[in-house]
Amino acid sequence: MVTPKQKITLNASRDIPFNKLMLSQSNVRRIKRGETIEDLAASIARRGLLQSLNVRPVLDGEGNETGMFEVPAGGRRYRALELLVKQKRMIKTEPVPCVVTNANSEVPIEEDSLAENFQREDLHPLDMFRAFQTLHDQGASHDEIAARFFVSATFVQQRLRLARVSTKLQEVYEQDGMKLEQLMAFTVTDDHTRQEHIWEALENSWSKEPQQIRRLLTETTVRASDRRALFVGVDAYVAAGGVVLRDLFEADNGGWLQDPALLDRLVRDKLKSIADEIATEGWKWIVVDVDLPYDHNHGLRTLAGTPVDPTDAERAEREALRAEYERLEAEYGESDELPDDVDQRLGQIETELEAFESRPMNYDRAEIARAGVFISIDRDGDLVADRGYVRPEDEAMQAVECDSGEPGCATENEDSRHDPSVRRAIITNGAQAPEPEEDDGDAIKPLPERLVIELTAHRTLALRNAVAENQHVAITALLHRLVLDTFGHRSATGCLEAFVRHVHLPTQDAELKDSLAAKAIDERHEAWKGDIPLGDDQTLWAWLDSLDEASRHALLAHCISYGINALFERPNPYSGSGISQHGLDQRLREADRLSRATGLDMVGAGWRPTVDNYLGRVTKSRILEAVREGAGVQASQLIDHLKKGDMAKEAERLLTDSGWLPEPLRLIDQDAPAAQPDEGEEADLPEFLVGDDDSAASDEVTAHAVAAE
C-alpha cells in the first residue's frame, strides 16, 4: 500500500497589536544599505503594509507564551512602523498583519530571517521601466512618480526613456542579448526603425559598445555645441520645427540637432540678414561664409581705420575694472592658489577689458566705396564681421575713375555710398573662386587641379605602403629628413613630411647651460656634426645608407631628442596660440612615460635645490615643506623662525645630497624620494641661526634676505 505524501500546512496569519511586537536578535540583517527607514515609513503611510511581518511567540522560562512576539524577518518594516508611532502617525496598538511561526518549530529562527532575504528576487529593470510608464500613462508626472518612490525626477525620466525603446530591442535585453548600457545608448533617438537597423548592423560585430551605438545613431545630426547651432540658438531651431536628440544617461553638451538642412537654412538666413544690414554702410562687396578658409584675405589691402572714441561712461567703467583688477592682484598676489570666486572674477574682468580694446572702427568714406567685408562665425558661434579689405582690381578701377578728371567722379561715389538704390554691395556666399568655364577647343589643357590631387593621393598611399614594407629604406628616409632638420637648413619640405620641431627653451635659469645634460648634448652634437657630409644631398644619402645599424639608431635617437618637450605652459582655453589643457596633460603624461622608459633620475642628472633655482623663489611654507620632506620634521622646526632669505640659504645646505625633488621633477606615481632622518637626530645648524640674538646674523645674510623678500 502506497503511503500518501504528507501535505504541508502554512503558518497562520493574524493581526497583532504593534506594542506586542519586538525585534528579534536573530535577524541576520545587520548592515544598513539601500532604502532608508524614513523612506520606507513614508511608503507604508501611503500604501499601507504590503508585506506581513514574520513573527514567533516569545516563551518564558517554563516554555509558556508570554503574549509578546519577536520579529526575526521584517526588521526594517518594524522600524518603519516604530517611526510612524513616534511621529504620532500611527497608534501603538494598531493591528499589524503577521505570519506566526510555531515557537517550537524545527526550523531555526535565524533561518526564517535568512530565507526571506536570500530567496528574494530583485525586480528586473525592464519591469521597473514598464511600471513607471504605466503610472505615467495614468497621469502621474515625473515629479509625482519620483516623490512616490523617493528617487530623483531625472531617474524617472531616464527609466521612462528606456521604456520607449523599440520593443524588439527590449526583448533582446530581456533575453540577455544586450547589456543595460547598450539599451541606454539607444534612447538617444525615438526612431524605432533606426534603432532596429543599427542593432542589426552591430549585433554580430565586435564593436557594439554604447559609444559606437550613439555615434551611429547621431552620425547624420549636428552637435548642439557646433558653431552653427550656437550662432542660431537651439531655441530658434526648435521654434522652426527642429528636433533635438538628448542623451539622459551621459553628458551630451546640449544634445544633437536632427535636421542639419533646417539648421543650415536658419544660418544662411541669419547671415544674409546681417549682411544686408552691413551693406547699408556702403561697402562694395561682402563675402559671407560659415567658415572662411585660412588666409582668405591674402593679397588684399587692409584699410587703416581709427577706433571710435569711448564715451565718458565707457571710460569710467574701464577705469573701474582696472582698479578692481589691480586691487585683487595686490590682495591675492602672494597666495599659492587663488580662491575660485576670485579667479573667476579676474577672468571676467580680463574679458571685459579685452572688449574695450576691440573698438568699432571709423573708415574713410571714399575707401569704403571700393572695399569689402568678410562675415563668418567663430568656433564659439559668435559673429565675425571683418571690415575694410580692398581687392587689387578695385585699386586700379578707383585710380582710373578718379584720375580721369571728370568732375562728377567724387560726387557719383559719394551718392552711391548713401543711396542704396544707386549701388548695393555685392554679397557672395563663400570666398572660393568660381570654377573656370569649360572650353570645347582642341588644344590639350593641363589636367584639372582636383583630378591631379586625387591621382597623387593614390600614389601617396601606395608609396606609404611600399616604404612601410622596407624598413631599411624607411629608416634611411627618416634619418635623411631628420639630419637635415637637425644639422642643416632646407626650405623645401621634399617628399617625406616627417620632421622634429626643435623645442627651444625661452625661459631658463642661469644653471641650465652648465648642467650635465646640456654638456652631454652639446658634445654629442658636435661629434656627429664633424662626421656628417653636409652640403651635398646625394652624398648625405649615400653616407646614411652605408652606416651600420648601431650608428643609424644612435643618430636617429639624437635627432629625435631635439623634439622632446616636457615644458609646462599655462593652458589657453581659446583658439589660437598656446596649448590646450588636454594637450598639456598629454604632454606631461608622455614625458612621464619617457622618463620611466629611459630610467631618468633628475637627482642623478645633477639637479639640486638651491636658493637660485628653487628655494629663494618660493614661499616660506614651501621651503619648510621641502625641508620636512627631505631632511625631517626636526630640521624644519629649527629654521621655521628665520626670515625668508636666511631660511632659503640654510634649506639649501640641509637638502644637499638629500635626493629631494620638487613636484614638477617627480614622476606622478613617485613619492618624495628623500629618506627622513631619525627624529632624535639633530641637524647641524650655524650658531647664528639657532641663537636667541638675531643681531648675530651677518650684514651679508641680511642683505640676501632683503633681496629674496
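## Threonine 218

Threonine 218 is buried in this predicted model. Its relative accessible area is 10%, and the cut-off for buried is under 20%. The residue sits in a loop. That loop runs between α10 (210-217) and β6 (222-223).

Leaving aside residues up to four places away in sequence, threonine 218 touches Val188 and Trp256.

## The five-stranded sheet

Five strands form an open sheet. Their order is β1-β5-β3-β4-β2, and the pairing is mixed. β1 (13-17) and β2 (21-23) are the edge strands. Each of these two pairs on one side only. From one strand to the next, the twist averages 50 degrees.

## Helices α4 and α6

Helix α4 (residues 125-137) meets helix α6 (residues 153-163). Their axes come within 8 Å. They cross at roughly 100 degrees. The range for roughly perpendicular is 65 to 115 degrees, so α4 and α6 are roughly perpendicular to each other.

On the α4 side, the contact is made by Met128, Phe129, Arg130, Phe132, Gln133 and His136. α6 contributes Phe155, Val156, Arg159, Leu160, Leu162 and Ala163. By type, the residues of this contact are eight nonpolar, two polar and two charged.

## Helices α14 and α15

Helix α14 (residues 312-332) packs with helix α15 (residues 340-357) at an angle of about 145 degrees. Their axes are 10 Å apart. The crossing is left-handed.

From α14, the contact residues are Glu314, Glu317, Arg318, Leu321, Arg322, Glu324, Tyr325, Leu328 and Tyr332. From α15, they are Val342, Arg345, Leu346, Ile349, Glu350, Glu352, Leu353, Phe356 and Glu357. The contact of α14 with α15 divides into nine nonpolar and nine charged residues, with no polar ones.

Notes: Residues are numbered from 1 along each chain as its sequence is written. This is a predicted model: local features need pLDDT of at least 70, side-chain atom pairs count only at pLDDT 80 or more; totals for chains, interfaces and linings use all residues. Side-chain values use heavy atoms; hydrogens and water are left out. Axes are lines fitted to C-alpha atoms, for helices over the stretch in contact, and angles run from 0 to 180 degrees between N-to-C directions. Helices (H or I, at least four residues) and strands (E, at least two) are DSSP runs, numbered from the N terminus. Angles under 35 degrees count as roughly parallel, over 145 as roughly antiparallel, 65 to 115 as roughly perpendicular and the rest as oblique. Contact means heavy atoms within 4.5 Å. Ala, Val, Leu, Ile, Met, Phe, Trp, Tyr, Cys and Pro count as nonpolar, Asp, Glu, Lys and Arg as charged, and the others, Gly among them, as polar. Two strands pair if DSSP finds at least two bridges between them. A crossing is left-handed if the near helix is turned anticlockwise from the far one by less than a right angle, and right-handed if clockwise. Buried means under 20% relative accessible area, exposed over 50%, partly exposed in between (1.4 Å probe, protein chains only).
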